[in-house]
Amino acid sequence: MSDVLDLPDVDDAWDWMAACEERGWGDGLPMVPPTEERVAAMLAGAPRVDLGPLPPRGVTPTLRSVAANAVMAGCRPADLPVLLAALAAVQDEAYNLHGTLATTHPCAPMVLVSGPVRDALGINAGGNCLGQGTRANAVIGRALSLVLLHVGGARPGVLDRSTQGSPAKYTYCCGESDDSPWPSLAVRRGFGADEGVVSVMAAEPPHNVNDHGSTTGAEILLTVAGTMAQPGSNNVYVRGPHLLLLGPEHAATLHRDGWTPETIRAHLWEHARIPVEHVSPGNRRQFVEWGVEPDGPPHDRAYTVSDDPANLHIAVAGGAGKHSAWIPSFGGTALVSRRVP
Amino acid sequence: MRIVDPTSGTAPEDTAAVTTAADAPAGTRRGDGSSAASRAVCGLSNSKPGAHDILDAIGRRLADDHGLGPNGLEAKPSAAVGADPELLDHLAAQYRLAVVAIGD
């Protein structure tokens with residue numbers, strides 16, 4: 001069955017947008033028409049990868065349909081392998097794609113790109129890396145969301161049941177910085193420093209950690225732990241992963257004081273705890289149904305923020321300034337990494 | 001303008017055959033041809049407290065107003081993941097109708 005549609009010619013960008021709207025396509029922003037010529041150019045030299053069915057609709061994308069969405073998002077052909085790696089990563093069972101797309105939670109597929117491919121594509125890992133202004137960041141994250149929308153069928157209000165959604169659902173992609181005192185997250189997860197790696201997680205938008213006053217690593221971690229100890233996070237009872245995206249200046253201070261990703265993780269596990277009195281009685285009862293109860297001595301009963309310190313992931317990104325980001329997740333998901341083919 | 005359909009792909013195969021309540025062994029069927037199980041209605045909860053309340057109320061109304069029952073109430077193991085195929089097969093084999101609730 002042909003995957004080519006013969007649409008009336010449209011000379012006007014607004015007419016093309018209207019045509020997309022009529023078909024229920026898109027995220028509300030302008031898209032590039034995926035003409036046969038553009039899709040062919042996108043696929044020239046593309047790696048062959050096996051793709052599985054995408055929930056909620058259960059349709060298995062073809063390379064051509066992935067490429068069509070990449071064109072629509074504004075990708076360049078060089079971006080396609082990163083998109084394919086991200087698509088493979090979200091299809092890992094541990095990521096729980098169906099649950100993360102259909103949930104009422106506002107999670108979005110966050111894409112963190114590590115290794116030389118980051119600079120080769122111009123993916124921003126520095127100032128405003130989670131914001132607007134860099135084509136690669138914008139279009140790779142957007143293309144992934146469009147594939148999940150168009151092929152997977154995760155249409156807002158239909159099969160995407162998010163209560164409020166979030167701006168991250170438009171696009172959520174940044175690079176992991178080399179301006180880090182430690183080996184990268186990808187290297188610590190077993191990949192080579194010369195490999196391109198994509199890590200994905202069904203994540204909330206970043207929560208800022210502003211700390212201009214602290215002058216030691218321990219002080220910074222006090223602020224981070226306090227930011228993470230939020231009773232409204234899914235992670236409190238669904239558990240699952242967090243990503244702490246340290247700004248380079250916070251990371252440098254921590255490194256100066258002898259902290260490593262491993263000791264930071266252990267410290268946060270011990271100190272990012274939610275006091276029982278910050279959790280409503282109704283929620284405490286619900287958490288019990290999920291098998292989650294507070295621990296600690298009677299005068300200091302508190303909830304941990306996940307089920308295992310290994311779920312606290314740490315990376316460095318950003319530019320100058322005393323800000324970091326805590327990125328909680330859907331909970332019923334995992335941080336999954338894949339090599340870029 | 002010829003474009004590549006961004007929604008295209010390989011459609012899922014038809015749902016694998018499951019044993020439904022209508023397939024119940026002949027010995028278990030009633031005079032009207034339905035089995036005891038096939039007369040039942042099931043509520044399938046997404047495991048959130050509101051869903052249980054909604055389904056419980058719907059089950060009572062179906063029984064009181066329409067004489068439908070006995071009614072069952074089942075739930076996914078976790079609200080964060082989809083229902084296992086095994087659970088859906090079980091429901092198809094035990095009940096004629098399932099009402100799904102996502103009451104948060």
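## A bridge across chain A

In this predicted model, Arg338(A) pairs up with Asp92(A) in a salt bridge, with the closest N and O atoms 2.6 Å apart. The two come from distant parts of the chain, 246 residues apart: Arg338(A) belongs to strand E12 (residues 336–339), while Asp92(A) sits in the loop between helix H4 (80–90) and helix H5 (97–102). Arg338(A) counts as partly exposed, at 29% relative accessibility, and Asp92(A) is also partly exposed, at 23%.

Over all chains, the whole structure has 14 salt bridges. One of them brings together the side chains of Arg142(A) and Asp27(A), at 2.7 Å from N to O. Arg142(A) is in helix H7 (residues 135–150) and Asp27(A) is in the loop between H1 and helix H2 (36–43), so this pair ties together parts that are 115 residues apart in sequence. Arg142(A) is buried, because its relative accessible area is 9% and the cut-off for buried is under 20%.

Another bridge, between Arg2(B) and Glu36(A), spans 2.8 Å from N to O. This one crosses between chains, running from strand E1 (residues 2–4) of chain B to helix H2 of chain A. Arg2(B) is partly exposed at 43% relative accessibility, and Glu36(A) is partly exposed at 25%.

## A negative patch

Now for the surface: Asp6(A), Asp9(A), Asp11(A), Asp12(A) and Asp15(A) gather there in a patch of negative charge. Take Asp11(A), found in the loop between strand E1 (4–6) and helix H1 (13–22) of chain A. Asp11(A) is exposed, with 81% relative accessible area.

Conventions:
Residues numbered from 1 in each chain as written. Chains lettered and ligands numbered in written order. Predicted model: local features only at pLDDT ≥ 70, side-chain atom pairs only at ≥ 80, totals over all residues. Heavy atoms only, no water. Patch = residues over 30% accessible without salt bridge, like charges linked within 9 Å, V, L, I, M, F, W, Y side chains within 5 Å. Areas by Shrake-Rupley, 256 points an atom, 1.4 Å probe, with all protein chains shown as cover. Salt bridge = Lys/Arg side-chain N within 4 Å of Asp/Glu carboxyl O. Lys, Arg positive; Asp, Glu negative; His and termini not counted. Charge placed at Lys NZ, Arg CZ, Asp CG, Glu CD. Helix = DSSP H or I, 4+ residues; strand = E, 2+ residues; numbered from the N terminus. Buried < 20%, exposed > 50% of the residue type's maximum accessible area, 1.4 Å probe, protein only.
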